[in-house]
Amino acid sequence: MQEVDQDQSDLTFTDLDLPDDISEFMNEDYLLGTADVLFDCDSLLNYEEFNNPSDIVVTTELPRPDSHEERQDEPPSRKRRKVPRAQQCTDENTPSRPKRSRRAGKAQTKEPQDEPAVTQSIDTGPEPSLTETEGLSTPPTRILHFHPSIRFITIPDAQGYHVVQTLRFRPPVITPTYILVPAPSTPSKHEMQPLSPEDGAVAPVQMSSSPPGSLSDTASKAMATPVSSPVSPSTEISPCKESPLPQSPTVLDIPHVVKDYIQEAKAHMNQTCQDMEEGLSLTSHYVDVQLSHREIRSGKNTNKCLDKELVIMGDTDRQKSLLGKSQIFERSNGDKSKRYILLLGNAGMGKTTLIRKLCLDWSRDCIPQFDFVFLLDGKALTLTKPTFSLQTLLLNLSAFAPSCMDPEAVYAQILAAPKRVLIIFDGFDELREYEMLLQTQEKDLITSLQKDSRAQTYTVRQLYSAILQRVLLPGCTLLLSTRPRGTANQLLRRADSFLEVCGFTPTDVETYVSQYFTDTALRTSALECLKNCSYLHLLCWNPGLCRLVCLVLEQSKGLEVLPRTLTGLCHQVLCLKMEKDSRSTNVQAEVQTQIPLQSEEETQTQISSNNQRNKNTQTKSRAQGRTRTRSRTRSQRKRGAKEQENKEDEVYREMNSGSREAEERELLSQLSSLAWEGVKTNSSMLPTRRTLCAKLRAFGLRTRLFLSHPLRTRLMVSIGESEGGGREDKDEMGGGGERKENRGRMDMENCDASDDHITLWANPFLQSYLAGVHLSLSRTVSDRTFLQTLPFQSGPKGRRRPQREELELTQRFAVGLLFHNRTELQRLHSYTETSFRDMVVSKQGLVTKHLEGLSYSDLSPAQVLEACHYVYEASFSHGNGSRGSGSTQLVAHLAANLPEVLTFHGVPLNPTDVFTVQNTLEIGGTEGRSFCLDLEDSGIQVSGLRALVGLNNINTYRACIADVITLWEQLEKSSEEGLLQGAVSKLKIHPLKATQVCHVEHLAKLVNIHMHKRLSDSCSQSDSILAEGVPAVKELRKLEFELGPEKGPLGLPMLWELLPGLHNLQHLDLENSKIGDEGAEKLADALASLSSLEILNLSQNCIGNHGVKRLTTTLRDLPKLHCLSLYSNVISDEGAESLAAVLPHMASLTALDVSYNRLTDVGVQSLGASLRNCQKMKTLRMWNQFIPYGVFERLQQQDSRILWH
């Protein structure tokens, strides 16, 4: 039998002899007649209170399939517990709750047509499913109310009976009282309650043993015995009485109306989010880009810039950490699920396209872990009126959201299961916008938001902030897209995953071009052009620029030379857009001119025909003759008028061609001014229609320089359902649906916006290009103003201040335009040729003087890289690749003044960056310059590393060791022994600072190559090159192990293995690495091979007496060791005696630091006595708080080499 453990009572029913059939004892007459015997009321009611008053037996009704479960009445002395909102019934057909009886002992009856009532026990086993319950015929049963002290338990091996046990009472009641009642009717077919839903299905709420929140549920929790882990639904439950009962599923069932909404949302999203841009769709043109997982450095900097805190991985490690779309939300290595994800990427890298693809995948059931996906756009922050609640924000304002029939039910499901909700934030241009939203809100506002009152409304900014700060929907998953530059203190503390879009690989570029050009001949021509123009091919690394390159390649047959700079590319794209607009405008004008003439002829013909029909039949022939005469005369007149009008049109076109071009130039001038204003404020949004000229807006939309973004400023929000229900209608994204006037609706308008759309710049590169046009070619920008906008201003703050990406692009375009072919710039200005030439020459002189006045050795690595870009844009801005005198002067000055040690340490280098640096270094080589490159922590691709290392004027280089080894293996595989010889001999790794575990791993691999003198076991072509080992390993003299106490123990095992291979190591710094005594023993073994070691820093490593004793056996044999630091460990007097014993034998030691350990006066006196025998020792630091001041002062008086600190 099953045992019931209650407090310390162990009650079993092994002695209870049950008859085979006790139904005769269970009739109503028998029970009522023997009630006094069964309940022993005199004994039960003698006590004032029960031990466990919450354990009360109640009767519950079997729930109907179309309604939620109802609770029975509680005793009058108890308050009925409130039902959570998520569990309330929303079905209009749900019957009202039956009237409760106020008499505790009176039986409650029901009509036969009502639901059958059963007495619910603590554990009745699995209940019938909905379908089986409907077909179950159960005779109406009268409900018996027992005394509150009685509760039910189940006998597993007697399924037909239940034993009712009274509560435990204090003495003198010792023996419990039982009654037997028949169990509820169950289906004949064996059922089992599902424990783990299949295929993401959710178990229905009716499957649980009792209604959530009911009194029976409370009693069940107190009475049920512990059960083991649930079994699989496919595993059949053993009939053994010891088998544990399965647990009820915790996921609530999703109502049908919510399921319908989810399917409708998926269908709507599948239709509306496929368009990428004009003529392209996600289904046919999307290229699956890779994502890399980024790590954050650990530091104490309070003003953290995200781009500085992100760890820059090498190309080899980056390839290992690549993720696909399906892995964005997955757990890794058993970690907790990702709930706060930051998606990083520069302009044009495809963040928005990736997000749309995720939405499309969700609509196709490829992301099953989420029931709801909401896309919130940063542009909605322009709505500043407090007219939104969380419900209207998600169901009305989010992108791709369809109409909702029952928003209350959908919203209730969102609140009930927030872990099944994904909220995506897109459209934020910089981190500063997120940081402002993450600032702490007022306490009253937070309290109001947490109440979730339907009557209270908020601004979009307040709701965004509450979601990001986890005030609203704290369990949901957040995905935030942004650019990586800027301060991110709040985000660094909150985000648990950092992902970066990697861009296109060469294979991705080929795939994108092949999908873009459906015609085979055009595709072949485009791919051939890309191979011949390496810079354009490298620009395609950025998906946004790859799209612009394809636009130009479409017209490549009409171009004499393809652009070779970013300035030339954007200029060509702008010209193509304007030419297309001009052609469409001319065609539209011709069509509009022909329509009035045709309509006039048709009108006159119709009038003439009607007049003929109205004539009298007697004069028909005469009237027809006159009509023919008039028609011939009128036709001749019209024909002549048309010929005259055509001649006038030709003259008009010739006369107005100049005015049309002038109007176009004026519009471009206004566009460039707006672009510059947007760059200064770091915004892609344009003014509203109230301030934006209608003609300018129309021109921008026609040329697709502008993008019209819809905002739902008019929301139709359901505040109540009419009797017949109804559907909520609202404007759809990208189209205007019908608006229906329904009763019970509230119309909310935002008065801040003049219409339902905002205007944006469609492309960040074209916006920056037009801003550059304004700076370099506008009359309103004086020379002084132009000079102030140039990069690298004088003064330390100006040189070191980081710049935003848009401003850097604008400055690059401004310099490139000044040295661009003037003939191609005629459409961008309205000057005379002489005035335009004078203005350009003047500003060219300002740029040349400014760049030549810079001291490149004082510039940061990022600024040196930007200078290389400016010079490249100026040098190759001409269509034929020729250079003017000004550009030649610039590149020669830059190549001559670059520092010999050229470092790009910590600056991410993309393929175009490598190309411009390579161009500058090649020009420097023609001038006789040679350089030493530092490419560590730059993330340079292996192909770019090969291009730079292969230059003849590169003496040495530093780079990620893993990438270097990969390059060596590629060169060995391709049998390029000359390049391999140079790549091996030029590598330098001294001094080496290991800040990541991967750094130690890479060094261990390099040391292994050095020890074995070959790259791999299979290849032997490099044996002659590596016959003497790796020169860089031989020259490594300083190694700093700076992984810290958290990551240090992970890298120490690899360090102990590689140290014996560093025979020439002189300086080993292992401070704060948590070595301990065990690590000290392994270090002692490794130190035996480091005969050249001079400095050893073991500070803050938890080394105790045992570790010091083991180290001293090796330290005494190091002939060149002159500095040893054991600062801030746990060494006591015993360890001090071990050190004192070997100090006289360490002839080269000149400095020893054992301060802030656990030495007492005994230990310091031992060291002081040993110091007298160390003639070469210069300093001995050993102060700590355990040493008496008088003792230490007396030791200092005896030997001045003893110091405090």
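Modeller: Start with a pair of helices. The crossing of α17 and α20 is right-handed. That word applies when the near helix is turned clockwise from the far one by less than a right angle, and left-handed applies when the turn is anticlockwise. Helices here are DSSP runs of H or I with at least four residues, strands are runs of E with at least two, and both are numbered from the N terminus.

Modeller: Some ground rules. This is a predicted model, where local features need pLDDT of at least 70, side-chain atom pairs count only at pLDDT 80 or more, and totals for chains, interfaces and linings use all residues. Residues are numbered from 1 along each chain as its sequence is written, and side-chain values use heavy atoms, with hydrogens and water left out.

Biologist: What makes α17 oblique to α20?

Modeller: The axes of α17 (residues 506-516) and α20 (residues 543-554) cross at roughly 45° and come within 11 Å. Under 35 degrees is roughly parallel, over 145 roughly antiparallel, 65 to 115 roughly perpendicular, and the rest oblique. The α17 and α20 angle is therefore oblique. Axes are lines fitted to C-alpha atoms, for helices over the stretch in contact, with angles from 0 to 180 degrees between N-to-C directions.

Biologist: Which residues make the contact of α17 with α20?

Modeller: Y512, V513 and Y516 come from α17, and C546, R547, C550, L551 and E554 from α20. Contact means heavy atoms within 4.5 Å. The residues divide into six nonpolar, no polar and two charged. Ala, Val, Leu, Ile, Met, Phe, Trp, Tyr, Cys and Pro count as nonpolar; Asp, Glu, Lys and Arg as charged; the others, Gly among them, as polar.

Biologist: Why is H571 called buried?

Modeller: Its relative accessibility is 2%. Buried means under 20% relative accessible area, exposed over 50%, partly exposed in between, with a 1.4 Å probe and protein chains only. H571 therefore counts as buried. H571 sits in helix α21 (residues 566-613). Beyond four places in sequence, H571 touches Y769, H820, E824, L825 and L828.

Biologist: How do you know that L696 is buried?

Modeller: L696 has a relative accessible area of 3%, so the label is buried. L696 belongs to helix α23 (residues 694-702). Q670 is 26 residues away in sequence, yet 7.8 Å from L696 in space, C-alpha to C-alpha.

Biologist: What makes P1045 partly exposed?

Modeller: P1045 comes out at 37% relative accessibility, so P1045 counts as partly exposed. P1045 lies in helix α37 (residues 1044-1058). Not counting residues up to four places away, P1045 touches N1072 and K1074.

Biologist: Which residues have the most contacts inside the largest nonpolar core?

Modeller: I423, F425, W968 and L1059, in a core of 279 residues. A nonpolar core is a set of buried Ala, Val, Leu, Ile, Met, Phe, Trp, Tyr and Cys residues joined through side-chain atoms within 4.5 Å. Among the residues I423 touches are F374, L394 and I467.

Biologist: What is the peptide bond from H990 to P991?

Modeller: That bond is cis, with omega near -10°. P991 is in the loop between α34 (977-986) and β24 (992-994).

Biologist: Why is the phi of C1102 worth a remark?

Modeller: Most residues other than glycine have a negative phi. C1102 is not a glycine, and has a positive phi of about 60°. S1128, also not a glycine, has phi near 55°.
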